[in-house]
Amino acid sequence: MELFTDGACRGNPGPGGWGALLRFGDHEKSLWGSDADTTNNRMELMAAIEALRAINRPCTVILTTDSQYVRRGMTEWLSRWRANNWKTANKKPVKNVDLWQALYEETKRHDVTWRWVKGHSGHRENEMADELANRAIDEMLAAP
């Protein structure tokens with residue numbers, strides 16, 4: 001299973017959206033959602049959470065994101081945050097702890113490999129995830 005995720009925000013904070021492209025073999029599925037008042041980092045996290053949440057059964061997943069915050073958080077920082085009761089090395093509370101905890105819970109069901117791709121560099125699936133995130137914002141702002 002391959003997942004490609006992205007978050008977007010117009011203003012930071014401001015209206016935001018997340019997008020995810022899920023691929024299994026030749027099948028692709030698009031997901032997106034929004035929040036009226038959020039940050040880019042929160043939307044990046046939501047994209048990964050919702051993409052993993054959409055998988056019905058445990059499997060091997062390659063999750064590609066253009067967010068170093070998400071990738072490094074999961075591969076480098078998470079174990080220390082958990083060991084330090086969700087505090088940073090500076091003893092401050094981890095920002096977005098609710099979403100980090102939710103993402104951690106979703107990853108426990110799967111064997112996840114985290115990959116990073118430079119955003120807005122022509123990577124097809126990353127561009128699609130970005131379009132979905134912006135579509136989510138557009139739809140939210142257009143709603144009565």
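# Close-up views of a predicted model

View 1. Helices (H or I, at least four residues) and strands (E, at least two) are DSSP runs, numbered from the N terminus.

Two notes apply to every view. Residues are numbered from 1 along each chain as its sequence is written, and side-chain values use heavy atoms, with hydrogens and water left out. Local features need pLDDT of at least 70 and side-chain atom pairs count only at pLDDT 80 or more, while totals for chains, interfaces and linings use all residues.

**View 2. The open sheet and its strand β1.** Here 5 strands follow the order β3-β2-β1-β4-β5, with mixed pairing; two strands pair if DSSP finds at least two bridges between them. β3 (27–38) and β5 are the edge strands, each pairing on one side only. On average, neighbouring strands of this sheet are turned by 20 degrees against each other, direction ignored. (Axes are lines fitted to C-alpha atoms, for helices over the stretch in contact, and angles run from 0 to 180 degrees between N-to-C directions.) Strand β1 is largely enclosed by the rest of the structure, because 6 of its 8 residues are buried.

**View 3. The two neighbours of β1.** Over 4 bridges, β1 (residues 2–9) pairs with β4 (residues 60–65) in the parallel sense. Look for Leu3 opposite Leu63 and Phe4 opposite Thr64, both partners being in β4. With β2, β1 runs antiparallel, joined by 8 bridges, and Glu2 has Arg23 as its bridge partner there.

View 4. Most residues other than glycine have a negative phi, and most peptide bonds are trans. In the β1–β2 hairpin, which has 4 residues between the strands, Gly11 takes a positive phi near 95 degrees. Asn12 and Pro13 are joined by a cis peptide bond, with omega about 20 degrees. Trp86 counts as buried at 15% relative accessibility, as does Asn96 at 17%.

**View 5. Helices α1 and α3.** α1 lies across β1, β2, β3, β4 and β5, running at about 150 degrees to β1. Leu52 touches several residues, among them Leu3, Leu63, Leu103 and Val112, not counting residues up to four places away in sequence; contact means heavy atoms within 4.5 Å. In α3 (residues 97–107), the buried residues are Leu99, Trp100, Ala102, Leu103, Tyr104, Glu106 and Thr107. Their cover includes α1 (40–53), α2 (68–83) and β5 (111–116).

Note on methods
Buried < 20%, exposed > 50% of the residue type's maximum accessible area, 1.4 Å probe, protein only.
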